[in-house]
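Here are my notes on this model, point by point. Please keep the structure open while reading them.

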Amino acid sequence: MTEKTILRALKGEILPTPPIWMMRQAGRFLPEYRTTRAQAGDFLSLCYTSDLAAEVTLQPIRRFGFDAAIVFADILLLPQALGPKLWFAEGEGPRMETTTTPDQVRALRPIDEIHETLAPVYETVRILSRELPRETTLIGFAGAPWTVATYMIAGRGSKDQGAAHVLKAADRATFTAIIDTLTDATVEYLSAQVMAGAEVVKLFDSWAGSLKGADFEDFAVKPSQRIIAELKARHPGLPIIAFPREAGEGYIGFAEKTGADCVALDNSVTPEWAVEHVQKDGCVQGNLSPDHMVTGGEALVRETRRVVDAFRGGPHIFNLGHGITPDGKPENVQLMIDTVRGA
Ligand code: CP3
């Protein structure tokens, strides 16, 4: 059997048609997701009920035939496994018990105990590696330490990650201890996903863009580099995608500095810029604006072709620049896929 297209692109192969998947492809824009989520009761119960989590992971594969499935879970399950309480305020987003003092850092659970909480995620991965079509690649994931730390420190999402920046300035030792704990825990979490059957892992650094200068090197580049080096030592040949969202100029050299096989691009950079500055070093993923999944039409077709054409000369995995929003339309997703595959 020929190798899966996503794995070929991640090795640097240039394919005539880029493989495609979509961030948040299992989500509220799909009626079948909303049905299964209602059956689970709430979002976290869905994440921790392996057969239902596997079911929602499979839904977009059945409907659209994407080339990859990403295990259904959330980046905040890992900090929850370290002790702080996590809940989702309906219609508002995540809330978390805050970790900002040396005592609270000391009170975090030992890293080898995270697997107790996270075992259902590994079970979801095992179910998926049995049930996915043989051509579909299974992606595991975690949040990168900085992004996860911003939620642990603020206790919620924020536009500017202000609370994390304040702690970084006011108590560097405590801030660094949080980042280091998350770095070590992320290695264990992703390694367990790989042992359960994940073929690729992706690190989501959604708030990397608010780290500037030396902070970007210290808290976006270095933790990713450490995680990737350790994962590759344990699992030789494991392909890894890094997503330092809104890194801008920080995308330049990111793959080389961290050892990532592929850099995922948000849609604040143009494909033409990324060809010149990022794809020259290897595989890229992205980067159509998720807004097109809401608006559709000729602009969707034109911009999808623009992304495909721009990246044609190098290894590329087609994706959005960020997750599809709940108001995205399934027919627009289909139009994007048809355009990519017919282009
Ligand atoms: O399909 C997939 O992409 C896989 C599953 C996945 C989810 N979250 C499911 C989810 C993945 C990879 C994530 C990553 C994640 N989670 C990130 C990084 C990527 C990004 O979006 O920047 C972040 C920052 C989180 C934390 C998080 N989870 C927030 C801020 C929210 C609320 C925002 C929202 O969209 O409601 C969530 C909830 C969440 N995670 C949902 C899903 C499908 C919506 C929950 C629901 O069904 O109500």
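1. Two residues are in contact when they have heavy atoms within 4.5 Å of each other. Among contacts in the chain between residues at least 6 apart in sequence, 73% join residues at least 24 apart. The model is a predicted one.

2. On overall size, the chain has a radius of gyration of 19 Å, which agrees with the value near 20 Å that a compact globule of 343 residues would have. Its C-alpha atoms fill a box of roughly 55 × 45 × 40 Å along the principal axes.

3. The chain holds 16 helices and 9 strands. Of its 343 residues, 58% are buried.

4. Strand β4 has parallel partners. With β1 (residues 68-70) it pairs over 3 bridges, in the parallel sense, and alanine 69 stands opposite leucine 138 of β4. With β5 (residues 200-205) it is joined by 5 bridges, again parallel; here glycine 140 stands opposite valine 201 of β5.

5. The accessible surface of the chain is about 13,700 Å², and 52% of this belongs to carbon and sulfur atoms. The chain has 35 positive and 44 negative charges, and their mean positions are 2 Å apart.

Note on methods
Residues numbered from 1 in each chain as written. Predicted model: local features only at pLDDT ≥ 70, side-chain atom pairs only at ≥ 80, totals over all residues. Heavy atoms only, no water. Pairing = 2+ DSSP bridges. Helix = DSSP H or I, 4+ residues; strand = E, 2+ residues; numbered from the N terminus. Rg over C-alpha atoms; globule rule 2.2 N^0.38 Å. Buried < 20%, exposed > 50% of the residue type's maximum accessible area, 1.4 Å probe, protein only. Areas by Shrake-Rupley, 256 points an atom, 1.4 Å probe, with all protein chains shown as cover. Lys, Arg positive; Asp, Glu negative; His and termini not counted. Charge placed at Lys NZ, Arg CZ, Asp CG, Glu CD.
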